[in-house]
Amino acid sequence: MKTRAFCCIVVCALCWTQSVRGQTGLYEFTTIAGLAGKTGPTDGTNDGARFNAPGDLALDASGNLYISDILNHTIRRISAQGTNWVVTTIAGSAGNHGYADGTNTDAQFDHPNGITIDHEGNLFVADHYNHTIRKISPEGTNWVVTTIAGLPPTHGSADGTNSDARFWSPTGIAVDDNRNLFVVDTVNFTVRKVTEEGTNWVVTTVAGFALAYGFVDATNSDAQFDYPYGIAAGGTNQLFVSDWGNHAIREISAIGKEWVVTTMAGSGDIGSSDGAGSFATFNFPNGICTDSAGNVYVSDQSNDTIRKLVPTNGTWISSTIAGKALQAGTSDGLGSDVRFKHPWGVAVNSAGDLFVTDYGNQTIRKGVFRPALRMAMAARQLVLSWPTAATLFTLETSTSPDPSAAWLPVTNAPVTNGLNFLLPIQPTSAPAFYRLQRR
């Protein structure tokens, strides 16, 4: 899908008139798979596919999406084919919860939840009610499921190797640049690390103390969480956690051999306020991801919104980028006009496009950033600029705002930033329209 944003200037002989839509841009969301309110296990294209409580999601290097379809007990793949999105089931047996390693639909899960993918294309799943961590490896056209840590159906909090380790309803999972796995062990109120050592997987606890819940910033086991749900890796030494029960977003930093937990945003109180640090409030935040610029995105589940956290001068500034607090719905659209119903997973690709599993609507949504052109007049010159975050766009002009009209490039190649463009202009009654077009 191409990205465009419109800005127009109308010039007449007697006056200068200008209008700008937006300031920095908005996310425009569309539904790419599933049909709101319709559940099922059906594979298919676009709204012909069906889900049953889609949970977390992950993106591979080719842009394919992988979804944990919680109540179908399956793992689904969504691939872009032209302008369509094709959904297939790669592992698990729809409607049959259980536990079995195996290939494709011979494998079984029990409420699979968190999902992540490494650089080699292997998927890792937090199998919530089996209290295990599963690996799904592509082998030719097949997907082979194995259990790498935990022992179903036994729950516990023990660190250890392979099946000697114990989890209790793990939810979120992330992989760092060194292929270490990090798991939010939700009912244990801890964050665990799963490290591959030869043919084994070794589980350790990096933050929190089993069964001790609270809201404490501290180091290692002195830190406390309250039903942590989502986790994202910001590299090799930084983790981000959506602390569901504390209505907060936490950061875990590796400093030497210690893991230091701090609160990025949220105060422990329910709310929907944007702002800096603890002045921002959340309402049971769930899915979480980070982009290459270090920004963090969160599905604020019970607010039915998507939030963005930006590091600014040593603090985190939270803003609502899609949806409107406490107004659930199904609408596609721009910014606050979008409606979600308990969004769950969130992921971002290299282009900055967001993907959201809309848990309550049984759909998958895509958000594309629509940058707004900023405009000023100076000495009979039109000054056009746009946010530096909106990269690789071509500035185009036309005498009509119709997308099907002839649009001519102002710049000969995509531009990597939104520095000012100075365009000479003379008073005329003919309108001139400008847009940004992603190439």
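Trp244 has a relative accessibility of 22% and is thus counted as partly exposed, a class that lies between buried, under 20% relative accessible area, and exposed, over 50% (1.4 Å probe, protein chains only). The model is a predicted one, in which local features need pLDDT of at least 70 and side-chain atom pairs count only at pLDDT 80 or more, whereas totals for chains, interfaces and linings use all residues. Residues are numbered from 1 along each chain as its sequence is written, and side-chain values use heavy atoms, with hydrogens and water left out.

Across the whole structure, 13 aromatic pairs are found, a pair being rings of Phe, Tyr or Trp (its six-membered ring) with centres within 6.5 Å, termed stacked if the planes are under 30 degrees apart, edge-to-face if over 60 and tilted otherwise. One of them joins Tyr229 and Trp244, which are stacked at 4.8 Å centre to centre with 10° between the planes. Because Tyr229 belongs to strand S19 (residues 228-233) and Trp244 to the loop between strand S20 (238-243) and strand S21 (248-255), this pair ties together parts that are 15 residues apart in sequence; strands here are DSSP runs of E, at least two residues, numbered from the N terminus.

Tyr229 is buried, at 18% relative accessible area, and Tyr229 also pairs with Trp344, with ring centres 6.4 Å apart and planes at 40°, so that this pair is tilted. Since Trp344 lies in strand S29 (residues 343-348) and Tyr229 in strand S19, the parts tied together are 115 residues apart in sequence. Trp344 is buried, with a relative accessible area of 10%. Ring pairs link Tyr229, Trp244 and Trp344 with Phe284 and Tyr359 into a cluster.

Terms used
Helices (H or I, at least four residues) and strands (E, at least two) are DSSP runs, numbered from the N terminus.
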